[in-house]
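Hi there,

Here is the structure I promised to pass on to you. Have a look at it first, and then read my notes below.

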Amino acid sequence: MMKNKVKYIALIPVIILAIVLSCGKKDSKEGNPDSIISGTTSILVDESLMPIVEDQVSVFQSQYDAEIKLLPKSEKEAVIDFSKGVADIIILSRDLNNDEKAFFKNKKIKPKVTSFAIDAVAFVKNNKSNDTLIELKQIIDFLKGSKNDIKGLVFDNPNSSSVRYLCELAGIESLPSEGVFSVKTNNEVIKFVSENNGLIGVVGMNWLTQPKPEMQKYIDELKVLSVKGVDGVYVSPSQDNIATRTYPLARVLYIINCQGYDGLGMGFASFIAGEIGQRIILQSGLAPVREPSRNIKIRNQIENKK
């Protein structure tokens, strides 16, 4: 009885936030395979964000009668599949752009966008390198085709969010043909750079703070570079620097829900934006968008004297 009561109390924050998020949305229809805390659904995920999303899904599923299937893709592939209706929920390191919003507006769908964390694009080098610093201008000039001290950049995928992000900063439409290498995943970037001195790897920060056990030996062979931005100061991608956005390559993460009814998209968004989800973000080494509350315990003075 007490166990059921505790579980019910734990549901209250998620249910309240879900009700708030549901304003302006149509009611659930019979035949939908999910509700806000039960059933099944699929979520498209930018592959560079998988570690933190997997953590959230694991905890969510352990607390509720829900099954969420994650579909990791490059950012570009995920957005294309989203527009095709492969899944009605997507997690990205950006909001929808104007063309994408217009697409859903024409379909009479109003996407519900919820920010839930601040991640970062990080630059890594082999431990054998003496470098610990990099200027963002050097990276941008290199991407524009100018020769400098950079020997090469290693990306996860030509269609990834990291590539899109840096190309936007550099004002270019595609990567240069020389000096840039693409593998397939962030783990492959980590492994490749750990085994090849002189190259700079470009990875999502959450792959470094939440590695799989088998990847730790490769991460131990890397150093994360501090980046000099427009303010002229070198800043490391620490949790504090990401949270305050002083690290120049910090990026906000979003869950975008186009289910159009009160389903798991709403429930999961409520969860990761709520108390438990934000604590998971904090423990991961990334920065939550909302500071979770702190429980302060005051010890009994009489017990301390014993």
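Let me start with Asp 34: its relative accessibility is 8%, so it counts as buried, the cut-off being under 20%. Please keep in mind that this is a predicted model.

**Around Asp 34**

Asp 34 sits in the loop that runs between helix H1 (2–21) and strand E1 (38–46).

Is Asn 32 buried or partly exposed? Its relative accessible area is 29%, so Asn 32 is partly exposed. Asn 32 and Gln 259 are 227 residues apart in sequence, yet their C-alpha atoms are 9.9 Å apart in space.

Next, find strand E3, residues 89–92. In a regular strand, side chains alternate between the two faces of the sheet. In E3 both faces are covered: Ile 89 and Ile 91 are buried on one side, and Ile 90 and Leu 92 are buried on the other.

Which strands pair with E3? E1 pairs with E3 in the parallel sense, over 2 bridges. Strand E12 (residues 250–257) pairs with E3 in the antiparallel sense, over 4 bridges.

**The nonpolar core**

The largest nonpolar core has 84 residues, and those with the most contacts inside it are Ile 91, Phe 123, Ile 190 and Phe 268. Strand E4 (residues 112–126) gives the most to this core, with 8 residues.

Not counting residues up to four places away in sequence, the residues it touches include Ile 134, Ile 139, Leu 166, Ile 200, Val 202, Val 224, Leu 225, Val 227 and Leu 249. Among its other contacts are Gly 201, Lys 223 and Tyr 247.

Happy to go through any of this with you.

Best wishes

Key. Residues numbered from 1 in each chain as written. Predicted model: local features only at pLDDT ≥ 70, side-chain atom pairs only at ≥ 80, totals over all residues. Heavy atoms only, no water. Buried < 20%, exposed > 50% of the residue type's maximum accessible area, 1.4 Å probe, protein only. Pairing = 2+ DSSP bridges. Core = buried A, V, L, I, M, F, W, Y, C linked by side-chain atoms within 4.5 Å. Contact = heavy atoms within 4.5 Å.
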